[in-house]
Amino acid sequence: LKLPEADMTLIAEKVKWDGNLDLTVDQAKHFQMKADGDFNLSGADLKLENKLGVLADTIAWQGDIDVNLSSERQLVSQLNGKFTTANFQFNSQEQDISLSNTMLNWQGDLNVKQNANQLEITANGKLSNEGHNLSSPTLDLNLVNQSLDWQGSLNVDKKTDQLEIAAQGKLINGGLNLSRPTQQVNLANQTMNWQGDVNVAIDNQSVGLQSASQLKLDDFSIMASGDIERLIEIKQVRLDDVVLASLEDVKAQNVSLKGLSVGNLPKLSDIPENLAGFANYDELLFESLAFSSKEGLSVNRIAQAGVQHVVLKDESGEWIFFSVLRTINRITGNKQQREEETKQASEQVSEEAMAFSIETVETVDAGIIYYIDQSLPEKFIQKVMIDKFKVTGINSKSTKPSQLELLARIGDAKAKVNGSIALFDKNRDFDFTTNVDALSLLPYSYFMEKSLGYEVDSGSLIAKGTYKARDAVLE
């Protein structure tokens, strides 16, 4: 099939129709089409102006179609059935985009109403998509998605100056891999489960968003330099009872990050082999989280389980977390341009930073901090066991002191700190009681020689004291 005026060519190996077709046009130019049956297009090859191409092994429809178009250009159409494609490919030279999928299957009903002032679309059904690939060298983007399944409803209401979209259902996505080849950064997610509803309203003045949902991600990671450098890796992300009243008002009952690791670690004989990054958590749980543009961020409780951190200074004297910062700088682009953009943005915002409050931050089990300094003549290693860490009453809007409790062990020594500190008072007033019992001084001989001029052959520290500061003056 050739349409010279449109510069379009369609080639098909086989076209098959098995069913009933009824076309009617009355004297009032009212058009009606009714069809029920099976349509199959095999070996399709469509080209448009040598800029756009579509290939497909199979494009098929099975079901009922009812279309009514009045002389006043009012359209009412109803479709109920099943639509499938196999090995579908789309290429646009003008947009430099190519898209392909192994299989697409949609089954359900679709209703469309349109007149001069309004378009209404209602759809209910199931959508399955396998082997989806999207690439664009211009956008520096490659997207690979193994599978996507949607079951639910979609409603679209388009008026002259307003668009409303409502969706409700369940989405399961598997094997997502998103990469930017030039920046050498890759985002991957093995499985995503989303269930809930979303409502979007767009007009000439604003964009409104409302949603209530649950979300779970399995095996989420962001890697750099060809999967060599880990930025972040999370075994499971779970968001429970997420409610969006608007784009500036978000609440979640719980946000759980399980198996969280940040950064990469070199091979070290001094720490467990299972530690993936320099910051590791079995779980990081945020309870009753809320954000609004007026009130800022609030969290009722942050609970940390299985904390294992590595504070490492390498032989050159660089802290290990700087490697992650360098990678982020590389990914985000030109440093000078970014600094100028940051400066311009800071000039536009108010002097008051975003407010936040956290009622409690605590560890729920024993944590470990490994301190390793490879820049010294002899490598320094210190393992600190955190038996208890708890801070309460963090509020950026208040100068009221936050309360601190800390229990730690360094070898056979025990350390205890209790007290308060005004984190957001300009003077940072504090009041601490400390108790250190039997801390061996031998590991710190190098530091004491540097500061005091004497080495330590043996000895231990036992100390008790109270430390206070008022109006920036130590008492």
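Analyst: The model is predicted, and the labels are taken up one by one below.

User: Why is the pair of Trp150 and Trp194 called stacked?

Analyst: The planes of Trp150 and Trp194 are at 20°, and stacked applies to planes under 30 degrees apart, so the pair is stacked. Their ring centres are 6.4 Å apart, within the 6.5 Å needed for a pair. Trp150 is in strand E9 and Trp194 in strand E11, 44 residues apart.

User: What makes the pair of Trp319 and Tyr371 tilted?

Analyst: Here the planes stand at 50° with the centres 6.2 Å apart. Stacked needs under 30 degrees and edge-to-face over 60, so this pair is tilted. Trp319 lies in the loop between strand E17 and helix H1, while Tyr371 belongs to strand E19. Both residues are part of one aromatic cluster with Phe380 and Tyr444.

User: How do you know whether Asn173 is buried or exposed?

Analyst: Its relative accessibility is 8%, and buried means under 20%, so Asn173 counts as buried. Asn173 lies in strand E10.

User: What makes the approach of the Asn173 and Asn145 side chains a polar contact?

Analyst: The distance is 2.7 Å, and the limit for a polar contact is 3.5 Å.

User: Why is Val15 called exposed?

Analyst: Val15 has a relative accessible area of 56%; exposed means over 50%, so the label applies.

Methods: Residues are numbered from 1 along each chain as its sequence is written. This is a predicted model: local features need pLDDT of at least 70, side-chain atom pairs count only at pLDDT 80 or more; totals for chains, interfaces and linings use all residues. Side-chain values use heavy atoms; hydrogens and water are left out. Buried means under 20% relative accessible area, exposed over 50%, partly exposed in between (1.4 Å probe, protein chains only). Helices (H or I, at least four residues) and strands (E, at least two) are DSSP runs, numbered from the N terminus. A polar contact is a pair of N or O atoms within 3.5 Å; within protein, one must be able to donate a hydrogen and the other to accept it, and residues adjacent in sequence count only if both atoms are side-chain atoms. Rings of Phe, Tyr and Trp (its six-membered ring) pair if their centres lie within 6.5 Å; planes under 30 degrees apart count as stacked, over 60 as edge-to-face and the rest as tilted.
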